[in-house]
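This report goes through a protein model by its sheets, helices and a few single residues. Please keep the sequence and the structure in view while reading.

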Amino acid sequence: IVNPPAEDGSSDAIFLQQPFKYFGRTYNQIYVNNNGYLTFTEPLSAYTPFLDSPRDIIAALWTRLDNRHGGSISYREDSSTVVLAQVTAAVKQCFPNIPFAATSAFVATWDSVPYYNGGGVVTFQVVLAYNVHRSFILIYYGDVAETEQRWQAGYNTVDSASSFTIPSASVPELSSSSIINVTACWSFHVDGSPKLPANFLPFGNGERVTPRLDNGSSEAITLQQPFKFFGRKHNQTFVNNNGHLTFTEPLSDYIPLLNSGRDIVAPFWTHLDNRRGGTISYREDTSTAVLELVTAAIDQYFPNITFAATSSFVTTWDSVPYHSGGGVATFQVVFVSNVHRSFILINYGEIAETEQMWLVSGDRSL
């Protein structure tokens with residue numbers, strides 16, 4: 001899709017098929033603004049660059065441009081196999097220590113767009129490469145002419161807690177410099193997920209995700225290996241968005257009440273809202289690496305019990321906001337079992353304070 005030729009114009013709201021995480025916030029839409037930058041909450045006509053302004057913004061080359069006099073400004077969200085492989089490879093080259101596989105790419109390109117005051121044209125591209133947990137920005141520069149106009153390149157957040165200004169003395173230097181070892185490419189890791197504690201099991205790669213619904217739940221999840229829970233054997237479970245797991249039916253309750261006459265595991269039962277951000281993901285994992293990790297954890301916590309795990313069911317609430325606002329919660333619950341023994345591990349990451357009712361525990365039906 002091509003932006004219409006307009007002085008200080010912008011695209012319409014572009015609704016993303018897959019939400020983009022940007023320093024702890026999750027966006028379902030984006031705007032491509034003619035003057036060289038992307039915004040999330042509203043279009044912006046400003047042509048005088050001011051990266052320190054209180055907004056989430058990505059500025060590949062914020063200056064006054066004029067697509068009425070030539071060039072084109074185009075964009076697309078791309079989930080083709082070829083493009084996803086390209087952006088995944090690019091991110092791995094820039095961040096080799098971060099496991100990542102892109103599931104979506106948003107590509108915006110300024111192709112030979114003239115400066116407002118004349119004197120030359122600029123060509124550059126911004127790529128948002130992301131999946132449900134990780135987000136990266138790739139900025140590529142082609143030929144960019146020198147200009148006497150004011151300009152800036154980089155990014156900022158609404159609270160200015162995360163920001164970066166590309167330190168080039170002139171616009172043409174953008175095409176010959178880099179933060180990495182790839183000339184004319186600048187790459188940034190921007191999902192802003194908090195650093196997880198060492199005891200968190202890996203999550204996010206190929207997992208199922210619960211629907212983005214107020215008080216929603218997963219479908220019935222059939223367990224490959226039944227889980228024994230205080231004398232009862234369960235062949236299925238439900239992951240409920242409000243911080244608990246049940247076995248016989250989904251549960252929409254957000255007011256915690258453990259004495260409710262049901263088998264329930266509640267790592268953090270409160271009113272959460274994944275419509276506003278974060279992800280709730282789950283998987284049953286029988287890989288050797290994960291089974292060794294959970295077996296070692298059980299051996300540490302229960303040294304007098306001989307145990308070797310044959311299955312683990314991992315559920316993770318990653319940066320899920322409270323319904324009332326005011327912060328997010330990150331935690332994980334793991335069902336660890338073999339045919340004779342069952343254990344529950346609960347791991348906590350960063351959890352914001354809240355005035356909502358909440359409860360951490362488990363209960364069984366009578």
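Which residue of β10 is the bridge partner of G154? The bridge partner of G154 in β10 is T165.

## Basis of the model

The model is predicted, and local features are given where pLDDT is at least 70, side-chain atom pairs count only at pLDDT 80 or more, and totals for chains, interfaces and linings use all residues. Residues are numbered from 1 along each chain as its sequence is written, and side-chain values use heavy atoms, with hydrogens and water left out.

Helices (H or I, at least four residues) and strands (E, at least two) are DSSP runs numbered from the N terminus. Two strands are called paired if DSSP finds at least two bridges between them.

Strand β9 is mostly covered, with 4 of its 5 residues buried; buried means under 20% relative accessible area, exposed means over 50%, and partly exposed lies in between (1.4 Å probe, protein chains only).

Both pairings are part of an open sheet of 6 strands, in the order β1-β2-β3-β4-β9-β10, with antiparallel pairing. Its edge strands are β1 (14–22) and β10, each of which pairs on one side only. From one strand to the next, the twist averages 25 degrees; axes are lines fitted to C-alpha atoms, for helices over the stretch in contact, and angles run from 0 to 180 degrees between N-to-C directions.

Strand β7 (residues 121–130) and strand β8 (residues 135–144) are joined by 8 bridges in the antiparallel sense.

Within β6 is V107, which counts as buried at 6% relative accessibility. Leaving aside residues up to four places away in sequence, V107 touches S74, Y75, R76, Q125, V126 and V127; contact means heavy atoms within 4.5 Å. V107 and L128 are 21 residues apart in sequence, and their C-alpha atoms are 6.6 Å apart in space.

## Cysteines

The structure holds 0 disulfides, a disulfide being a pair of cysteine sulfur atoms within 2.5 Å. C94 is in no disulfide, and the nearest cysteine sulfur, that of C185, is 5.0 Å away. C94 is buried at 14% relative accessibility, and C185 is buried with a relative accessible area of 2%.

## Helix α2

Helix α2 (residues 288–301) has 14 residues and reaches 20 Å from its first C-alpha to its last, close to the 20 Å expected at 1.5 Å a residue; the expected span is 1.5 Å times one less than the number of residues. Its buried residues are V290, L291, V294, T295, A297 and I298. They cover an arc of only 160 degrees around the axis, so they are on the same side of α2; the arc is that of the directions from the helix axis to the C-beta atoms. An α-helix has 3.6 residues a turn, so residues three or four places apart point the same way.

On the other side of α2, T288, A289, E292 and Q300 are exposed. The buried residues of α2 pack against β17 (279–285), β18 (311–321), β19 (328–337) and β20 (342–351).

## A buried loop residue

N242 lies in the loop between β14 (232–240) and β15 (244–246), and N242 counts as buried at 1% relative accessibility. Its contacts, not counting residues up to four places away in sequence, are N215, S252, D253, Y254, F268, W269, T270, H271 and L272. N242 and P267 are 25 residues apart along the chain, with their C-alpha atoms separated by 9.8 Å.
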